Amino acid sequence: MERTTCVVVGGGPAGIVLGLLLARAGVTVTVLEKHADFLRDFRGDTVHPSTMTLIDELGLWPRFARLPWKPIETTQVVLDAGSATLGDLRRLRRLGQPHPFVAMVPQWHLLDMLAGAAEEEPGFTLVRDAEVVDLRRAGGRVTGVRWRDRSSAGGAEHELAADLVVACDGRGSRVRELSGLPVHDFPVPMDVWWFRLPRGDGTGDPAGGIGRVSDGRLVVMLDRGDHYQVAYLIPRGADAAYRRQPVQVLRDDMRRLHPWLGDRVDGLRSWDDVKLLAVTLDRLRRWSAPGVLCVGDAAHAMSPIGGVGINLAVQDAVAAARYLGPLLACAPADPAAVDRAAARVQRRRWLPTAATQAAQRVAHRVVVRAVLGATAPTPGGDRLPAPLRLLRRVPALQVVPAYLVGVGVLPERAPMWARRGAQETGPQDAGAKNSSALPSGSVKDSAQP
Ligand SMILES: Cc1cc2nc3c(=O)[nH]c(=O)nc-3n(C[C@H](O)[C@H](O)[C@H](O)COP(=O)(O)OP(=O)(O)OC[C@H]3O[C@@H](n4cnc5c(N)ncnc54)[C@H](O)[C@@H]3O)c2cc1C
């Protein structure tokens, strides 16, 4: 039987950030990640201004600046009746945000960078190929985990005892299932297809984020430099029926929505190029039980609306480290005090989570359901909807959606004890510089759909 002070299950954004911060607090922490590396097909790739501020505070900006990322500064919405800028992140500079853009960075680069920084701390251990299969319990309390070594022939099982288990194992969390914590599921009207289309190297192709709404279709395209990452919304559960049609139907649809794409829609060679994201939106009613805490997607799976999942997962991790770090650093910690601190994490992060999910549910009801369910042109559809007309008339208001998505409700700041080195904020045009410095094809290396 091995022992650590805190075991973090899952090496995604929440788990790696939590491991890094706890290690900086002086805690002995072990992160168990079931995969051998961070390369994953299905991952979010957006790093928001508030996460970049945190990276600054942790003294990691110079490392982040070297990663291959591409800034997104504005989001346009294009309807048949016209277009409008929905959010302009550049306006966040006036609100004191040093990085007023969303950085599109392949998630494994971000995780590799953060894990590298964590491994410099003496108390940090990352075990890869380590899949948690069960919880250890004693006296009504979770006291550790059982994990399977996927790299060994036959998958040898091990036990790891800990003062606290933190579930950062994502929306299909095994730990939350084993803990029996009650979940509230919210209905969602859509699933999402993810695919890529080539982006021209000329200046004609739109930059940033482009939302297109027309005739029962809602498609978002994100400029990733040499390609667009496309999120195409379909009605919930419709994937199998749609895939019975030839993929040419989807190509024609994309060309109709964006005629400037031309024959680049042929980049979709077959349905294999189109990945399905089955959307879930849920939240634990209680995020902790004696000896165990859930954060990130394990506590609340987010809708893809706004692309805020990574940001919230990271913010949860910071809040958890703030309350638990100093306590666990004085091992052996009083179990009752650990459980009280774990409960405080939920109290601190409940409002940002619930408010963000409430906004996503409104967007599902008011926008997604209405658009995907449209069987006839909307009366008055020849005019932009009133909110978009207002954003066009008063551009200063574009900062509101930019703030809600880019910074969010009650953003977390790094605890003082976690900060390191000179806090480089980087040049204000770091994003543009970074993207122009990309080795050609580096974004293409991403397996992210
Ligand atoms: C296709 C797709 C696109 C997305 N796009 C975006 C986006 O653009 N922007 C955005 O902000 N969010 C996006 N999201 C959501 C975002 O990826 C998540 O909200 C975020 O990654 C949550 O972080 P997390 O650390 O809580 O969980 P995860 O990132 O899910 O990490 C969980 C980790 O736990 C590991 N794990 C799972 N089970 C076990 C186990 N039993 N034992 C050990 N390890 C385990 C997994 O391998 C994984 O590494 C997207 C999600 C998907 C699926």
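Q: Which helix gives the largest share of the shell around the ligand?
A: That is α8, which supplies four residues of the shell. Helices here are DSSP runs of H or I with at least four residues, strands are E runs of at least two, and both are numbered from the N terminus.

Q: Before we go on, what kind of model is this?
A: This is a predicted model, where local features need pLDDT of at least 70, side-chain atom pairs count only at pLDDT 80 or more, and totals for chains, interfaces and linings use all residues. Residues are numbered from 1 along each chain as its sequence is written.

Q: Thanks. Back to the ligand: which residues come nearest?
A: Gly10, Gly12, Gly44, Gly296 and Gly309 do, out of 35 residues around the ligand. A residue counts as near if its C-beta atom, placed from the backbone, lies within 6 Å of the molecule.

Q: And which elements each supply at least two residues of that shell?
A: Those are α1 (13-24), β10 (130-138) and α8 (309-329).

Q: Tell me about α1. Is that helix enclosed or open?
A: Twelve of the twelve residues of α1 are buried, so α1 is largely enclosed by the rest of the structure. Buried means 20 or more other C-beta atoms within 10 Å of the residue's own, with C-beta atoms placed from the backbone; exposed means 12 or fewer, and partly exposed is in between.

Q: What covers those buried residues?
A: The cover includes β2 (6-9), β3 (29-32), α4 (107-118), β9 (124-127), β13 (164-167) and α8. This goes by contacts, meaning C-beta atoms, placed from the backbone, within 7 Å of each other.

Q: What comes just after α1?
A: Gly26, which takes a positive phi of about 95 degrees.

Q: Let's zoom out. How many helices and strands are there in the chain?
A: The chain has twelve helices and 22 strands. Its radius of gyration is 22 Å, close to the 22 Å that the globule rule gives for 449 residues, so the chain is as compact as a globular protein of that length. The radius is taken over C-alpha atoms, and the rule is 2.2 Å times the number of residues to the power 0.38.

Q: Now strands. What order do the three strands of the open sheet take?
A: The order is β4-β8-β5, with antiparallel pairing. Since β4 (46-47) and β5 (70-72) stand at the edges with a single partner strand each, one side of each is left without a neighbour in the sheet. Strands pair if DSSP finds at least two bridges between them.

Q: And how does β10 pair with β11?
A: β10 and β11 (residues 141-149) are antiparallel, over eight bridges. They form a hairpin with two residues between them, and Gly139 in the turn has a positive phi of about 55 degrees. Across that pair, Arg137 stands opposite Val142 in β11.

Q: What else does β11 join?
A: Five bridges join β11 to β12 (residues 157-161), running antiparallel. There, Arg148 has Glu157 as its bridge partner.

Key
Contact = placed C-beta atoms within 7 Å.
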